[in-house]
Amino acid sequence: MIELAQRLIAGDRRALARLLSHVENEREGVEQALAVLFAHTGRAYVVGVTGAPGTGKSSLVNALAKACRARGQTVGILAVDPTSPFTGGAILGDRIRMRDLAGDGGVFIRSMATRGSLGGLARAARDAVRLLDAAGFDLVLVETVGAGQSEVEIARAAHTTLVVEAPGLGDDVQAIKAGMLEIADVLVVNKADRPGAVNTVRALKAMLELGHPAARSQMISHHGRLMPAAAPVNGEENAALWIPPVVQTVATEDQGIGELLAALDAHRAYLAGGEALARREREQIAIELTDRLRDTLLAEALAALPPAALAALAEQVQARELDPQGAVQRLLAALPGR
Amino acid sequence: MSNRAIRVLIAKPGLDGHDRGAKVIARALRDAGMEVIYTGLRQTPEMIAEAALQEDVDVVGLSILSGAHMALVPRVRQMLNQNGLEDVPLVVGGIIPDDDHAPLMALGVSAIFGPGASTEDIAAHIRSLVEARAGGEMA
């Protein structure tokens with residue numbers, strides 16, 4: 001494992017691919033490699049790309065990566081696709097849309113299935129991003145379907161989160177419901193050559209004015225009159241507010257990609273300019289540590305419990321002799337050392 | 001190793017645009033619990049070998065209906081080897097005349113599946129390839 005890590009740092013793409021598999025498979029010993037590599041991370045700029053199926057995320061990642069390559073940046077891509085809950089299998093088809101990047105030594109594309117466990121995916125994705133970071137890619141793009149909590153969490157664990165929308169996928173209320181607007185640093189309306197794109201942009205902007213925390217301190221337009229919004233804003237954040245821009249693109253035609261790149265650069269500059277970057281990283285690390293602590297404690301607890309304890313209590317709960325939380329209390333009491 | 005899934009690359013090299021077969025296989029392997037990386041049409045051998053490396057797949061499956069298999073398959077094998085993937089088995093599907101089976105197998109193709117092959121057989125073959133390889137790794 002340590003040898004693989006050293007080969008990765010030396011630029012061996014095979015070693016990177018192997019370590020990505022070991023991370024996914026939770027292979028024993030991979031922690032040591034990750035520990036060695038951690039000192040080499042923190043240099044890549046990480047952009048999360050999320051949105052509903054069919055909005056054109058993969059095409060957008062393809063176009064973005066091409067544009068970044070054109071200005072000399074190397075790009076690592078992690079494309080996460082869902083695992084079938086019935087068979088455990090998955091079809092990972094993001095490479096189909098990334099043909100333009102094939103054969104470029106400055107690009108590395110890895111497809112990842114969500115597999116079973118919720119916590120496992122978040123951990124594997126974070127570690128996979130670190131591997132790409134340690135391998136020296138300037139930019140790491142993480143693409144996930146914005147359909148589940150864990151996928152959205154992955155897209156959030158980035159410096160800049162890009163939420164992709166497309167015309168005709170439901171009204172503005174859908175956008176609020178999905179909770180996607182709050183996490184966006186940059187909003188993209190892709191397929192902007194389709195009818196309805198202008199309406200989608202207008203709806204998103206209206207929602208941002210109303211809903212985005214950063215916009216609350218602004219004057220809002222109400223029945224044609226500008227009114228100050230009342231929500232209090234804490235002083236530090238007030239110094240420099242980031243209001244997510246809405247960018248229109250046609251990814252398959254490379255339209256609007258320059259503007260999108262400019263918006264990403266602007267967000268990066270905004271983060272770097274103040275305390276925002278450090279704060280964002282600290283918050284993300286705190287979330288990660290909490291996740292890892294929970295996973296580790298759970299694994300330890302499950303290993304320490306008598307093998308049949310859980311099944312026996314499940315039967316009691318099923319028979320309505322015990323409520324679920326009561327059963328958990330008993331499990332906790334049965335743990336050694338408590 | 002609790003989370004291990006078999007990863008298969010399904011690729012269509014060359015210029016024919018008939019991808020129904022590749023998609024049927026991709027779906028069947030997914031339903032057999034495998035992770036299928038599908039690259040789409042018109043892949044060069046270089047693109048396939050690079051994708052196999054980046055995705056760290058256990059098996060590469062090629063679908064060829066153009067008749068160019070005697071040119072494409074050796075080239076893919078050569079490119080895979082060049083990427084250090086000598087031990088990654090190659091499986092071929094599509095329209096392959098009987099006379100070409102032996103020469104292809106001699107090139108290191110582990111199986112050839114034509115029209116009418118059952119998807120269960122294909123999945124079972126891939127599983128056995130992966131198990132054989134895993135056994136070798138442990139030794």
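In what order do the six strands of the open sheet stand? In this predicted model, the order is β3(A)-β2(B)-β1(B)-β3(B)-β4(B)-β5(B), and the pairing is parallel. β3 of chain A and β5 (109–113) of chain B stand at the edges. Each has a single partner strand, so one side of each is left without a neighbour in the sheet. Neighbouring strands are turned against each other by 20 degrees on average, with direction ignored. Strands of a sheet pair through backbone hydrogen bonds, either parallel or antiparallel.

The sheet draws on both chains. Strand β3 of chain A, residues 90–92, is joined to β2(B) by three bridges, and the two run parallel.

Strand β3(B) is considered next. Four bridges join β1(B) to β3(B), and these strands run parallel. Here Val8(B) has Val59(B) as its bridge partner. Five bridges join β3(B), residues 59–64, to β4(B), residues 90–94, again in parallel. Along this pairing, Gly61(B) has Val91(B) as its bridge partner, while Leu62(B) stands opposite Val92(B). Strand β3(B), helix α3 of chain B (residues 69–82) and β4(B) make a right-handed β-α-β unit.

Is β3(B) enclosed or open? Six of its six residues are buried, so β3(B) is largely enclosed by the rest of the structure. Both of its faces are covered. Val59(B), Gly61(B) and Ser63(B) are buried on one side. Val60(B), Leu62(B) and Ile64(B) are buried on the other.

Chain A also shows a helix pair. The axes of α1(A), residues 2–9, and α3(A), residues 30–38, come within 8 Å and cross at roughly 35 degrees. The crossing is right-handed. From α1(A), the contact is made by Ile2(A), Leu4(A), Ala5(A) and Leu8(A). From α3(A), it is made by Gln32(A), Ala33(A), Val36(A) and Leu37(A). By class, the contact has seven nonpolar residues, one polar residue and no charged residues.

Most residues other than glycine have a negative phi. Phi of Arg320(A) is near 65 degrees, a positive value. Arg320(A) lies in the loop between α12 (309–318) and α13 (324–334) of chain A. Phi of Asp56(B) is near 50 degrees, also a positive value. Asp56(B) is placed in the loop between α2 and β3 of chain B.

Which of these two residues is buried, and which is exposed? Arg320(A) has 7 other C-beta atoms within 10 Å, so it is exposed. Asp56(B) has 21 C-beta neighbours inside 10 Å, so it counts as buried. The cut-offs are 12 or fewer for exposed and 20 or more for buried.

Terms used: Residues are numbered from 1 along each chain as its sequence is written. Chains are lettered from A and ligands numbered from 1 in the order in which they are written. This is a predicted model: local features need pLDDT of at least 70, side-chain atom pairs count only at pLDDT 80 or more; totals for chains, interfaces and linings use all residues. Two strands pair if DSSP finds at least two bridges between them. Axes are lines fitted to C-alpha atoms, for helices over the stretch in contact, and angles run from 0 to 180 degrees between N-to-C directions. A crossing is left-handed if the near helix is turned anticlockwise from the far one by less than a right angle, and right-handed if clockwise. Two residues are in contact if their C-beta atoms, placed from the backbone, lie within 7 Å. Ala, Val, Leu, Ile, Met, Phe, Trp, Tyr, Cys and Pro count as nonpolar, Asp, Glu, Lys and Arg as charged, and the others, Gly among them, as polar. A crossover is right-handed if, with the strands pointing away from the viewer, the path from the first strand over the helix to the second runs clockwise.
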